[in-house]
Amino acid sequence: MSQMAALVLMPLFGAFIAFVLPRYARITGITVAFIQLGLALSLATTIYAGETLRLSAAGWDPPLGIGLYADGLTALFLCLTSVVGLGTSLHAIGYFKFDRNDSNHNTSAHGWWPLWLALWAALNALFLTEDAFNLYVTLELIGLAAVALVALEAHAVAAATRYLLVGLLGSMFYLLGVGLLYALHGTVDMKALSAGMQPEPAAWMAMALMTAGLLLKTALFPLHFWLPPAHANAPAPVSAILSALVVKAAFYALLRLWLGPFEPLAADLAGQLIGILGAAAIIWGSVQAFMAPRLKLVVAYSTVAQIGYLFLWFPLAGSSIAGSIAWYGVVWLALSHGLAKAGLFLAAGNILHASGHDRVTDLAGVGQHLPITLFAVGIACASIMGLPPSGGFVGKWLLLNAAFVSGQWWWAVVMLLGGIMAAAYSFRVLLHAFRNKESQLPQHRPHPVMEWSALALAVCAVLLGILSAQPLALLEVGASVGELALTEAPK
Amino acid sequence: MNQPIWYALIATALFCIGLAGLVINRHLLRRILAINVMSTGVFLMFVALAGRTGALPDPVPLAMVLTGLVVSVSATALALVLIVRIQHLHGCVEFPEDDA
């Protein structure tokens, strides 16, 4: 129980210390990161035993107070956040140390720790919240902290401003929808909302507004235009957090709403429409990733494409058996993409750091000088392509299965096509990086912790595929869909 | 037509005006103002909701508006800091054509 409060309060307290005592910021950040991992794992163990947890903040029960709720889905996202958070924090030790010696980047190291810990607190609060209005508050906290983190890189300030405006626009739509829900039901507690939801015009309006706001924040095609500049220009640890966690947070809010309050409203047509946008995102994002001139831009467009996969859940969610398979698949894909993409962005940051640029066509020599980093890129790409035995494979395989079981084979075509295109843009990068070059040593050797943290996250993405039994069982706790029952070959 | 509905209609109009302003304007200060007009529309909607229960206004939407105002002030402050930096960097308060 108390882990839930500690998961939110601990990073907030850490952010305060890091801000007031910048000298101790790094040690505070690393300590908080390790404690968070312990807390998230202990919460996961409690939930694994089969019970969902509820906590009323300050003893006030909903609807008056703020309710915290944790089930298997919450626990998995908290674990994802703490693993990615720990890896990125370790990477940041090396990354922002280098920056401190550089006079241009003097301020970024001071900004990083307090902002990142505040972002962490907001992410955990979002995963634990059970109230639609609180989702708005946590989304805004995440947005503000994330924008400030992007702006740590001086030349990314225009991208950060665009990101801020888009985030605020999304929040306004979302908040207007929350207002409508309150007008209909007199509560914003998601459990109470799910119980009383009727299909009526005002409820559909609320669903449309809230979904549109969250789609903007999740950067679903064609609302993705803000993502590549922001993610590609931010400092490497920030890019990793944005792609792995921040985008997933908005998606988590969508999952919670569509499985809870909006479930009785979900029309087949809306699901199909979102699925089409997801399919377009896969194709468009992959094509752009293949043509992008810079490595970090390749990785950012790959995020656009991979987010498309997550939205293929919506058309498949309708039927019961396929819906439950698709649900496990989409959560799996979100988790493994988070780990792999964090590793990939950290590795891209190392390459940028070492060679001073990240032009894809000039990557020759990376394999000679940064073998660990390149290994991390390779493993992370394998999970993103969906090669067995990675976590990405399990997720895509479950989604494919769901597509066949529900008879909607066309989504399977898109998924397979997306996998081939992911292989194309990954191999384009790897091909250049593996070429040897008679060159001098890189300008700055990345600190070993930067290389190993990238590799560790990429390896975690593969481990998620090998050791998937316990996490899948964890996901069943408190899930509104049935347990995972894989059927025989489709008829 | 009763009073809360009037306010709700005005709120919707403000939301749409703000949305149009955000899309049409290129100057970033105007865009930030447009977002603020939008948020005023949303907050007015909540206030209209609070008033529809009868003599005593419903306190919950009002509390939500207060929270929303705090968020809106912080977001505006952050946006203003960022556009000052953009002006230093690019010499104008607009998005550069290609920032990818």
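This is a predicted model: local features need pLDDT of at least 70, side-chain atom pairs count only at pLDDT 80 or more; totals for chains, interfaces and linings use all residues.
Okay, hi everyone. For chain B, the average pLDDT is 88, and 95% of its residues score at least 70.

Now, where the chains meet. How many residues does the contact take from chain B and from chain A? Chain B puts in 29 residues, and chain A puts in 26 residues. On the chain B side, helix H1 (3-24), helix H2 (28-51) and helix H3 (59-90) each supply at least two residues. Which helix gives the most to that side? That's H3(B), with 14 residues. If you sort the side of chain B that touches chain A by class, you get 22 nonpolar, four polar and three charged residues.

Next, let's go inside chain A. Find helix H16, residues 371-385, and helix H19, residues 448-466, both in chain A. They pack at an angle of about 25°, and their axes are 8 Å apart. Angles under 35 degrees count as roughly parallel, so H16(A) is roughly parallel to H19(A). As for handedness, the crossing of these two is left-handed. On H16(A), the residues making the contact include A:Ile372, A:Phe375 and A:Ile379, while on H19(A) they include A:Trp452, A:Leu455 and A:Val459. By class, this helix contact has twelve nonpolar, two polar and one charged residues.

While we're on H19 of chain A, click on A:Ala456, which is found in that helix. Is A:Ala456 buried or exposed? A:Ala456 counts as buried, because it has 20 C-beta neighbours inside 10 Å. Compare its position with A:Arg445: they're eleven residues apart along the chain, and their C-alpha atoms are separated by 19 Å.

Last stop is A:Leu184, which sits in helix H6 of chain A, residues 157-185. This residue has 17 other C-beta atoms within 10 Å, so A:Leu184 is partly exposed. What does A:Leu184 contact, leaving aside its neighbours within four places in sequence? A:Leu184 is in contact with A:Ala202 and A:Ala203. And take A:Gln198, 14 residues from A:Leu184 along the chain: the C-alpha atoms of those two are separated by 9.6 Å.

Technical notes. Residues are numbered from 1 along each chain as its sequence is written. Chains are lettered from A and ligands numbered from 1 in the order in which they are written. Axes are lines fitted to C-alpha atoms, for helices over the stretch in contact, and angles run from 0 to 180 degrees between N-to-C directions. Helices (H or I, at least four residues) and strands (E, at least two) are DSSP runs, numbered from the N terminus. Angles under 35 degrees count as roughly parallel, over 145 as roughly antiparallel, 65 to 115 as roughly perpendicular and the rest as oblique. A crossing is left-handed if the near helix is turned anticlockwise from the far one by less than a right angle, and right-handed if clockwise. Two residues are in contact if their C-beta atoms, placed from the backbone, lie within 7 Å. Ala, Val, Leu, Ile, Met, Phe, Trp, Tyr, Cys and Pro count as nonpolar, Asp, Glu, Lys and Arg as charged, and the others, Gly among them, as polar. pLDDT is the predictor's confidence in each residue, from 0 to 100. A residue is buried if 20 or more other C-beta atoms lie within 10 Å of its own, exposed if 12 or fewer, and partly exposed in between; C-beta atoms are placed from the backbone.
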